[in-house]
Amino acid sequence: MSRFQMATTLFLLAAIMLGGSNAQLRLSPTFYAKTCPNVSNIVRSVLQQAEKHDIWIFPKILRLHFHDCFVNGCDASLLLNGTESEQMAPPNLSTEGYAVIDDIKTALEKACPRVVSCADILALSAQVSVSLGGGPKWKVPLGRRDSLSAHREGTRDLPSPHDSLAKIAARFKSLGLDSTDLVALSGAHTFGRAQCDAFTDRLYNFNNVSGKIDPTLNATYAKELQQRCPSPRGGVATSLVDLDEQTSLTFDNKYFLNLKNRRGLLQSDQELFSTNGAETVAIVNRFASSQSQFFASFGKAMIKMGNISPLTGSNGEIRLDCRKIN
């Protein structure tokens, strides 16, 4: 084989392996090592300042990352403004924390212009928020790029607090996430709050039966919640209740103890433990007895979730403003 033929063969093999210039490149924790080495410290600094003004900012930021990744992948499409944006879809109307993401982007553009994507900001901010909230640390794979459009129709597939375990598990499986990932990521509800309308059907109209209370809900806890969230006909649907009644501002494993005591706030959470024969029951028991096992599984699950359909290479763009395309 001549040198020309050999070079041609190698070129063709490389093209086949890489799929051309639009190939998905592997994400790496060291992606910004040379172009923006202080990216993590900048994210942490802005979040620490934000927490002084909003004690709930950490769970808010973590939720943004979830809601972004579950709709067409981790591409910051959630952050785009507009009447047809994902933000305006019903599942996202209660999401918050966008202004803090803007602050992080501003700080990074000052330090490293046109380098760090909004999608990576969400991924890093989620990790830092969990860590600052008392939870685990993990190395965040980076190198995502930002989408050129929103995907509002995809928000219909976001897991709902009213969904059955079977439906949510099927959605997770379709994204490459298994039962351990499902239980671990649900553990994010160890901090933060939920609006009354996310669970009042468990208190007054379970399974569309008027006056029926969810039998998997601890009776004393149900009465406490009814005081916080009066009947939908006379209450305020947007009133907020702590997801974890014990340590709502701390990322720990108390959430799983709540499930074992039938004090999970959301139906979708309680079903992880109260569904007979579900493989999630054993995982809840394991995480309830070992915070270290929960933390380790949570970090692994976050890395897997963060790798859902990222845009890399020449796909997408690096937005200068997270709220709009360049």
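Helices and strands here are DSSP runs, helices of at least four residues and strands of at least two, numbered from the N terminus. The model shown in every view is predicted.

**View 1. The largest cavity and its lining.** A search of the whole structure finds one cavity of 30 Å³ or more. The space in the largest cavity is about 60 Å³. Its lining consists of H65, A123, Q127, W138, V140, P141, R144, M302, I303 and G306. Two elements, helix 5 (118-132) and helix 13 (291-306), each contribute at least two residues to this lining. Helix 13 supplies the largest share, three residues. Sorted by class, the lining residues of the largest cavity are six nonpolar, three polar and one charged.

View 2. The structure contains 13 aromatic pairs. In one of them, the ring centres of W138 and F298 are 5.8 Å apart and the planes stand at 75 degrees; planes over 60 degrees apart count as edge-to-face, so this pair is edge-to-face. W138 sits in the loop between helix 5 and helix 6 (165-174) and F298 in helix 13, so the pair links parts of the chain that are 160 residues apart. For F251 and F295, the centres are 6.0 Å apart and the planes are at 45 degrees, so the pair is tilted. F251 is in the loop between strand 2 (240-242) and helix 10 (254-260), whereas F295 is in helix 13, so parts 44 residues apart in sequence are tied together. F251 and F295 are buried. A cluster linked by ring pairs takes in W138, F191, F251, Y255, F256, F287, F294, F295 and F298.

**View 3. The largest pocket.** The largest pocket holds about 1200 Å³ of space. It is lined by 40 residues, and those nearest its centre are R63, H67, P161, H189 and L266. Two or more lining residues come from each of helix 3 (57-69), helix 6, helix 7 (179-186), strand 1 (193-195) and helix 11 (267-274). Helix 3 provides the largest share of the lining, six residues. By class, 24 residues of this lining are nonpolar, 10 are polar and six are charged.

**View 4. The second largest pocket.** A volume of about 300 Å³ is found for the second largest pocket. Its lining has 19 residues, with P29, V39, S40, L124 and L142 closest to the centre. Helix 2 (39-53) and helix 5 are the elements that give two or more residues to this lining. Helix 2 gives the most, four residues. The lining of the second largest pocket divides into 11 nonpolar, five polar and three charged residues.

**View 5. The nonpolar cores.** The largest nonpolar core comprises 70 residues, and L62 and F298 have the most contacts inside it. Helix 5 makes the biggest contribution to this core, nine residues. Leaving aside neighbours within four places in sequence, the contacts of L62 are A126, V130, A188, F191, F251, F298 and M302. Another core lies apart from the largest one; it has 15 residues, including F199, L203, L225 and L243. F298, already shown in the edge-to-face pair with W138, is thus also one of the two residues with the most contacts inside the largest core.

**View 6. The covering of helix 11.** Six of the eight residues of helix 11 are buried, and the helix is mostly covered. The buried residues are Q267, S268, D269, Q270, E271 and L272. Among the elements covering them are helix 6, helix 7, helix 8 (201-204), helix 10 and helix 12 (280-289). Helix 11 also gives two or more residues to the lining of the largest pocket.

**View 7. The surroundings of S77.** S77 is placed in the loop between helix 3 and helix 4 (98-111). Its relative accessibility is 0%; residues under 20% count as buried, so S77 is buried. Not counting residues up to four places away in sequence, S77 touches D68, V71, E86, S147, S149, A150, H151 and R319.

How values were computed
Residues numbered from 1 in each chain as written. Predicted model: local features only at pLDDT ≥ 70, side-chain atom pairs only at ≥ 80, totals over all residues. Heavy atoms only, no water. 1 Å grid on protein atoms, 1.4 Å probe; cavity = no way out; pocket = protein on both sides within 12 Å on 5 of 7 lines; lining within 4 Å. Points joined across faces, edges and corners; volume = space filled by probe spheres on them. Nonpolar A, V, L, I, M, F, W, Y, C, P; charged D, E, K, R; others polar. Phe/Tyr/Trp six-rings, centres within 6.5 Å; stacked < 30°, edge-to-face > 60°. Buried < 20%, exposed > 50% of the residue type's maximum accessible area, 1.4 Å probe, protein only. Core = buried A, V, L, I, M, F, W, Y, C linked by side-chain atoms within 4.5 Å. Contact = heavy atoms within 4.5 Å.
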